[in-house]
Amino acid sequence: MHVLSVSSLKGGVGKTTVTLGLASAAFARGVRTLVVDLDPQSDVSTGMDIQVAGRLNVADVLANPKEKTVRQAITSSGWAKVHPGTIDVLIGSPSAINFDGPHPSVRDVWKLEEALAAVEADYDLVLIDCAPSLNALTRTAWAASDRVMVVTEPGLFSVAAADRALRAIEEIRRGLSPRLQPLGIVVNRVRPQSIEHQFRIKELRDMFGPLVLSPQLPERTSLQQAQGAAKPLHIWPGDSAQELAADFDQLLDRIIRTGRIPVPESGPQS
């Protein structure tokens, strides 16, 4: 089971929409996927058409990461009505903010790792939508992860935020979790005609070289529309949605290669 955190240390860069795009690509490919909604805003749960009534959630899991609790906090996404496949969500909750202090204990940092170990046989890929800060929730996510994808946008503060994230990943790799590595930086909401955006992308490439992943993701409304309708991007109509879906397929290819994730021969499997 390969675990990838999708992170940004700056809010509003589209981290959750990137998580949803990757989840849609993995579901379309037939990869058994669990999405962990660790952002207290819980937008991933909404975008994946989750029925939360009567279920436990990620806050319950962080309080008690035993297998019974974990399984009660996981539910199938409404996306599974679209075509067969495993696409589940560890349900988000605003109460997760109670676990986001600045100085987590070592015991707390490993709680998500312990929780995911209980369901390791059920999934090939876990995507964690992290909180947009470097407090306890993000550290807990990274401790449970093999790789971190840093999401940024081509703006003035993007280089500083990406640099801060990569330094923090290195700090956690050295101090806590030697297997942790950055997958790379995804530049989101790019307007190809913008000279400022091209300048910022070049700046990112000059600083971080091959860690800047291709393709960069263009600014499109189709992803927000699919998210608002709680549908996977890959079934959303229109050329713009399909072009964006192809970009997420390429990013997923990178994740699959890096994590040596098994992929079904013939698309979605039940």
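Which residues does the UniProt annotation "domain: AAA" cover? In the unreviewed UniProt entry, this annotation is assigned to residues 1-181. In the structure, which is a predicted model, the end C-alpha atoms of residues 1-181 are 16 Å apart.

The volume of the largest pocket is about 200 Å³. Its lining comprises 14 residues, and those closest to the pocket centre are Gly-12, Gly-14, Lys-15, Thr-16 and Gln-41. By residue class, the lining consists of 8 polar, 4 charged and 2 nonpolar residues. Two helices, H1 (15-29) and H10 (221-228), each contribute at least two residues to the lining of this pocket. The most is given by H1, which supplies 3 residues.

The largest nonpolar core contains 43 residues. Within this core, the residues with the most contacts are Leu-34, Leu-90, Ile-128 and Trp-142. Helix H8, spanning residues 158-175, gives the most to the core, with 7 residues. Another core lies apart from the largest one and has 38 residues, including Ile-87, Leu-223, Leu-233 and Ala-245.

When neighbours within four places in sequence are left aside, Leu-34 is in contact with Ile-74 and with Asp-88, Val-89 and Leu-90, among others. The contacts of Leu-34 also include Leu-116, Val-119 and Tyr-123, together with Leu-125, Val-126 and Leu-127.

Conventions:
Residues are numbered from 1 along each chain as its sequence is written. This is a predicted model: local features need pLDDT of at least 70, side-chain atom pairs count only at pLDDT 80 or more; totals for chains, interfaces and linings use all residues. Side-chain values use heavy atoms; hydrogens and water are left out. On a 1 Å grid over the protein atoms alone, a cavity is a set of points where a 1.4 Å probe fits but cannot get out, and a pocket is an open set with protein on both sides within 12 Å along at least five of seven lines; lining residues have an atom within 4 Å of a point. Grid points are joined across faces, edges and corners, and a volume is the space filled by probe spheres set on the points. Helices (H or I, at least four residues) and strands (E, at least two) are DSSP runs, numbered from the N terminus. Ala, Val, Leu, Ile, Met, Phe, Trp, Tyr, Cys and Pro count as nonpolar, Asp, Glu, Lys and Arg as charged, and the others, Gly among them, as polar. A nonpolar core is a set of buried Ala, Val, Leu, Ile, Met, Phe, Trp, Tyr and Cys residues joined through side-chain atoms within 4.5 Å. Buried means under 20% relative accessible area, exposed over 50%, partly exposed in between (1.4 Å probe, protein chains only). Contact means heavy atoms within 4.5 Å. UniProt positions are given in the numbering used here, feature names are shortened, and annotations may be inferred rather than shown by experiment.
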